[in-house]
Amino acid sequence: QVQLVESGGGLVQPGGSLRLSCGASGSIFRIDAMAWYRQAPGSQRELVAVITGDSTTYAESMKGRFTISRDVAKNTLYLQMNSLKPEDTADYYCNARVRTSPWDIRPKEYWGRGTQVTVSS
């Protein structure tokens, strides 16, 4: 099994910054991709950003404000969020596609429990 644990959420004023972290642990052979999703109250979960190797992809509304990065050696994912807006308020979830053995035909998908981000004055 693989566990993902997010941290770094909290209350921040509009225009402020936060850095989220997600630590992966357990039976990890290789992590193919990691991503951040978010879900605002009453809304569906949406993709924030994905990192696969050195390649990153962002949702349009996050481009230029959010930066996803990964420390491969530490199996840790980060999300630097700048210029935060009230509409960024949501629970942020870490997602990983993980191979737990060299014989896995395809990776399995795992989710963290989320960390809450509130942007408000």
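**The disulfide and its surroundings**

Mentor: Please keep in mind that this is a predicted model. Let us begin with a pair of strands: strand S3, residues 18-26, and strand S8, residues 76-81, pair in the antiparallel sense over 6 bridges, and within this pairing Cys22 stands opposite Leu77 in S8. These two strands belong to an open sheet of 4 strands, which follow the order S1-S3-S8-S7 with antiparallel pairing. At the edges are strand S1 (2-7) and strand S7 (66-71), each of which pairs on one side only, and neighbouring strands of the sheet are turned by 15° against each other on average, direction ignored.

Now return to Cys22, which is joined to Cys94 by a disulfide with an S to S distance of 2.1 Å; a search of the whole structure finds 1 disulfide. Because Cys22 lies in strand S3 and Cys94 in strand S9, the pair ties together parts that are 72 residues apart in sequence. The link of Cys22 and Cys94 is left-handed, with -80° about the S-S bond, and both cysteines are buried.

In soluble globular proteins, nonpolar side chains tend to be buried together. If you look at Tyr92 and leave aside its neighbours within four places in sequence, you will find it in contact with several residues, including Leu20, Trp36, Leu79, Met81 and Val117.

Terms used. Residues are numbered from 1 along each chain as its sequence is written. This is a predicted model: local features need pLDDT of at least 70, side-chain atom pairs count only at pLDDT 80 or more; totals for chains, interfaces and linings use all residues. Side-chain values use heavy atoms; hydrogens and water are left out. Two strands pair if DSSP finds at least two bridges between them. Axes are lines fitted to C-alpha atoms, for helices over the stretch in contact, and angles run from 0 to 180 degrees between N-to-C directions. Contact means heavy atoms within 4.5 Å. A disulfide is a pair of cysteine sulfur atoms within 2.5 Å. Buried means under 20% relative accessible area, exposed over 50%, partly exposed in between (1.4 Å probe, protein chains only).
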